[in-house]
Amino acid sequence: MNKKHIFAGIAVSLAACLYAATPGNVIEEVAWMIGDEPIYKSEIEQTYQDMQTDRTPIPGDPYCYIPEQIAIERLFLHQAELDTVEVQESMVQMQVDAQMNFLITNLGSREKVEQYFRKPFTDIREYYATNMRNRARVQQVRSNLTKDIKVTPSDVRRYFAELPADSIPFIPLQVEVQLLTLNPVIPRQEIDDVKARLRDYADRVTRGESDFSTLAILYSEDGSSVRGGELGFMGRGQLVPEFAAVAFNLNDPKKVSKIVETEYGFHIIQLIEKRGDRINTRHILLKPKVAEKDLTEAITRLDSIRADIVDNKKISFEDAVRYISQDKDTRMSNGVMVNPNTGNTRFEMSELPQEIAKAVAGMQPGEISKPFIMRDPKRDREIVAIVRLSKRLDAHTANLADDYQTIKDLYENARRQEIVDKWLQKKIRETYVRIEDGWRGCDFRHDGWIRTK
C-alpha cells in the first residue's frame, strides 16, 4: 500500500518549523503592526529560515518580501473573520494526520519528530492545524473575491493580442499518449506461499511469540515498515476500499485481521486506535513476485495483440484497450492518459513515466510501440505495456490554435490577480499599519503600507 492510502493532494514540507520563540520566554521585537496584531522579528526570521531550507525562491530582499506576505495573510484572515468563513474541521484533521505521518516516515518515529522540532507532539500537531486552517480560510476569501469571473473566447483573443512578445510563453515538446497494459500472471503457488507466510505471522502475534510491529519491520514490503507498519490516523476515503472494509471492522487491538487482498498485494492488519471517523492501524504487506517467464509470456501475448492491431487490422487500439487493458485509470477512456499535474491529456516528456517516455521518444503520431516492461508507479510492480502516440506538439511559442487552454488559464489568472490586488489596495488603506524603523526602507509590491503625513 504505497501512495493512495497514505495521502492524496496534499503538499507538505519537512522544512516547516515551529517558531523558536515562545511568548513569555523573551521580549519580542515587533517589526510591523497590522491592526492590533504584531508581526514579530522572530516570526520573520523563522519564515526566512524555513524558506531557505525548503529552497523556496524569495524575490528581492527577504526582510521586505516576507513581512509583506505575512501582513497580506493577516488581511485575508481579518476578512475571513468578517465573512465568518469556516473550514471543515474533519478535512483539517485529515491533512494534519497526513503531515504527521509524513514527518514520522521521514524522521523515523514520533520521538524523533519531537527531537527535531524540540516541541511536544501535540504542540506540533496544533501548529500545523492552525496553519492549515488559516491557509484554507485565505483560499476561501480569495475564491469568494474571484468567483464571478466570466471569460469569453473574445476576451482570450484580445488578451493574447495585447501580450508583449517577451511575455508569450514558450511551450516545450508535448505528447498525448494512449496506454494498454497487461499484468503478468502470477502462479497460484506464489500466492499460496505469500498467504502462508502471513498466516504464520498472524499466528505468532496471536500466541504472543512476536510483536506485530517487529514482524512488520522485518518482513513488510510497504514503506510503513520503518514505523512497524503503522499508517497513522486516516479516514475511510484515504484507504483502498478492501483495506478500509476490514480495518474499520476491527475492535480488539490484540487481534490480527484475516488476510486482505488489495491492488497492492496481500495484508494482515492490526488495530491501534479508533478516533471518531478515523483509524490508526499497522499492517504487513507482502507482494507476490513476478517470475521472468511470466513477464516473457505477457510480452509474447501483448506482441500478438499488437500484431492484430497494426498488421492484421483485426481490432483497433481503442477496442483492444477496452477488452484487454488492465490499467484501471485509462481502460474506460480508450487508453488516454491524463496528466495529474494539469488535468489535461498533454504531457511534457519529463512528466511521463520514464519507460513510456523512452518508448514514444522516436515515434510519430499514430504509431504503436513494441511491448515493453515498466514498473507500475502506483502499485510498485512490473507490468507489460504498449503505447500509441496520438499527438505530438513540437516545442514552440504559444499560439491560439494549439494552446488556447494555456492562454485562457493565463488570462484567468491575470484577472484573478487584478481583482485580488485591487481588493488588497483598498484593504491596506482601511487598516491601521505601523512599520517600525529599520523595516521601512523597502520597495514593497503593494502601495500604502507606509503612511505619509
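I am working from a predicted model.

**Entry: strands around E11**

I started with strand E11, residues 381-393. I found 9 bridges joining E11 to strand E4, residues 174-182, and the two run antiparallel. In that pairing, valine 175 stands opposite arginine 392. I then looked at strand E10, residues 372-376. E10 is joined to E11 by 5 bridges, again antiparallel. Here aspartate 376 stands opposite arginine 381. I checked the hairpin of E10 and E11 next. It has 4 residues between the strands. Aspartate 380 takes a positive phi there, near 55°.

**Entry: disulfide**

I counted disulfides and got 1. It joins cysteine 64 to cysteine 442, with an S to S distance of 1.9 Å. The torsion about the S-S bond is -75°, a left-handed link. I looked up where the two ends lie. Cysteine 64 is in helix H2 (residues 62-82), and cysteine 442 is in the segment after strand E13 (433-435). They are 378 residues apart, so the pair links distant parts of the chain. Is cysteine 64 buried or exposed? Cysteine 64 has 11% relative accessibility, so I log it as buried.

**Entry: helix H10**

I checked the length of helix H10, residues 292-310. At 1.5 Å a residue, its 19 residues should span 27 Å. The end C-alpha atoms are 27 Å apart, which agrees. I listed the buried residues of H10: Asp294, Leu295, Ala298, Leu302, Ile305, Arg306 and Ile309. They cover an arc of only 115° around the axis, so they sit on the same side of H10. The face turned away from that side carries the exposed residues Glu292, Lys293 and Thr300. What covers the buried residues? E4, helix H11 (317-324), E10 and E11 are among the elements that do. That takes me back to the strands of my opening entry.

**Entry: nonpolar core**

I looked at the largest nonpolar core, which has 29 residues. Which of them touch the most other members? Trp32, Ile34, Phe76 and Trp449 do. The elements giving two or more residues are strand E1 (30-34), helix H1 (41-53), H2, helix H5 (121-146), helix H13 (400-430) and E13. H2 gives the most, with 9 residues. I then took isoleucine 34 alone. Leaving out residues up to four places away in sequence, isoleucine 34 touches Ile39, Ala71, Arg74, Leu75, Thr431, Tyr432, Val433 and Trp449.

Key:
Residues numbered from 1 in each chain as written. Predicted model: local features only at pLDDT ≥ 70, side-chain atom pairs only at ≥ 80, totals over all residues. Heavy atoms only, no water. Pairing = 2+ DSSP bridges. Disulfide = S-S within 2.5 Å. Buried < 20%, exposed > 50% of the residue type's maximum accessible area, 1.4 Å probe, protein only. Expected span 1.5 Å × (residues − 1). Arc of directions from axis to C-beta. Contact = heavy atoms within 4.5 Å. Core = buried A, V, L, I, M, F, W, Y, C linked by side-chain atoms within 4.5 Å.
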